[in-house]
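Take a look at the structure first, and then we will walk through it topic by topic.

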Amino acid sequence: MNAQEGAGAFAIGRPTIKAARVRYLDLGGLILTVVTVLAAVIWAFPLYWAIITTLKPEYEVVEPGVRLWPRDLTFDAYIHVLVNTKIGIWYLNSLVTSGAVTIIVTFMGATCGYAISQLSFPGRTLLYWMILASFMVPIVALIITHYVLMSQFGFLNQWAGVILPQLIVPVVVIVYKQFFDSVARDFREAAVMDGANEFQLLFRIFLPMNWGVTTALAIITFIGAWNQFLWPFLAISSEDKMNITVGITQVHDAFGVQYARELAGAVLAGLPVALAYLIFQRRVTHAIMLSAGIKG
């Protein structure tokens, strides 16, 4: 009887322990959810405040106090930016420079990554280590050198002056090399036996097998080029050649700062990138993982 009573007490105690563990997990999940929601609200509130401010008349923007919704809803700030500034030209400049940077960086990264991965030539290992070591040098540290070179070449105030210094993206080369290394050697050997040259191997076998990688890297390169501010700000002084990120600094008024108009320009500048991220969110996340060295 004692053994049977002990077994019964153990059987009764097990559900009690399991229930306590479930309650503990539920409490931990609830706390984590609350913390996550609070962090999201803190992160998103400045964006919400900026957008709401653009929908207020200027006299309401400068009023003391906090108003979470406009008393008098208006689109005057957006109309002013669209009508009275050169935002169309700025969009075109950003599109051309960002598109050129994306195409050239992707092409150079693919060809360089393929060469380091698949070809044998003197100094290949040294070249790869130099590319890895370039991560230790921030691009900002090269701005003075870039400015002097672009000035000597006569590329200041031109698209070429904005594009060329942005072509240094070693992570694209490294990511391509990693994925080209993972391609089975049988594909290369079979193509070589059929008479394929190196360019045919790259563009007909290796790249088609890694289109997902190419798409992800192209998207994140385009977003990074579109968001560039410091170098285009230094390289361009003509308003007609400014990118959108630099051009919105020209949205000002003769009678002082107009906050709603300034923020409307900022919102319009970031809108294409935000839409691109929402549309290609999975690809962008994939590219960030690739940049961090995670294959997936």
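A residue counts as buried when its relative accessible area is under 20%, as exposed when it is over 50%, and as partly exposed in between (1.4 Å probe, protein chains only). By that rule, Ala 260 is buried, at 3% relative accessibility. This is a predicted model, in which local features need pLDDT of at least 70 and side-chain atom pairs count only at pLDDT 80 or more, while totals for chains, interfaces and linings use all residues. Residues are numbered from 1 along each chain as its sequence is written, and side-chain values use heavy atoms, with hydrogens and water left out.

**The chain as a whole**

- The chain has 15 helices and zero strands; helices (H or I, at least four residues) and strands (E, at least two) are DSSP runs, numbered from the N terminus.
- Of its 296 residues, 33% count as buried.
- The accessible surface comes to about 18,000 Å², and 70% of it belongs to carbon and sulfur atoms; such areas come from the Shrake-Rupley method with a 1.4 Å probe, and for residues only the protein chains shown count as cover.
- A contact means heavy atoms within 4.5 Å. Among the contacts with a separation of 6 or more, 69% are between residues 24 or more positions apart.

- Ala 260 lies in helix H14. Leaving out residues up to four places away in sequence, Ala 260 touches Thr 53, Thr 54, Lys 56, Glu 58, Val 61 and Ala 77.
- How far apart are Ala 260 and Val 61 in sequence and in space? They are 199 residues apart in sequence and 7.2 Å apart in space, C-alpha to C-alpha.
- Thr 106 sits in helix H4, which covers residues 87-118. Thr 106 is buried, with a relative accessible area of 13%.
- Setting aside neighbours within four places in sequence, Thr 106 is in contact with Tyr 176, Thr 214 and Ala 218.

**Nonpolar cores**

- A nonpolar core is a set of buried Ala, Val, Leu, Ile, Met, Phe, Trp, Tyr and Cys residues joined through side-chain atoms within 4.5 Å.
- The largest core has 25 residues, and those with the most contacts inside it are Val 81, Ile 87, Trp 90 and Ile 244. The elements giving two or more residues to this core are H3, H4, H6, H11 (211-226), H12, H13 and H14 (259-279). H14 provides the largest share, five residues.
- Ile 244 touches Ile 87, Trp 90, Tyr 91, Ser 94, Trp 226 and Ala 269, not counting residues up to four places away in sequence.
- Apart from this core lies another one of 22 residues, among them Tyr 114, Val 171, Val 175 and Val 213.

**Salt bridges**

- Side chains of opposite charge can pair when their charged atoms come close. A salt bridge is a side-chain nitrogen of Lys or Arg within 4 Å of a carboxyl oxygen of Asp or Glu, and the count by this rule is five.
- Arg 67 and Glu 60 form one at 3.8 Å, N to O. Arg 67 is partly exposed, at 37%, whereas Glu 60 is buried, at 4%.
- Glu 63 pairs with Arg 71, with their closest N and O atoms 2.9 Å apart. Glu 63 is partly exposed at 29%, and Arg 71 is partly exposed at 40%.
- Asp 240 and Lys 86 meet at 2.7 Å, N to O. Asp 240 lies in the loop between H12 (230-235) and H13 (244-247), and Lys 86 in the loop between H3 (76-84) and H4, so this pair ties together parts that are 154 residues apart in sequence.

**A positive phi**

- Most residues other than glycine have a negative phi. Asn 157, however, has a positive phi, near 65°.
- Where is Asn 157 found? Asn 157 is in the loop between helix H6 (143-153) and helix H7 (159-163), and is partly exposed at 26% relative accessibility.
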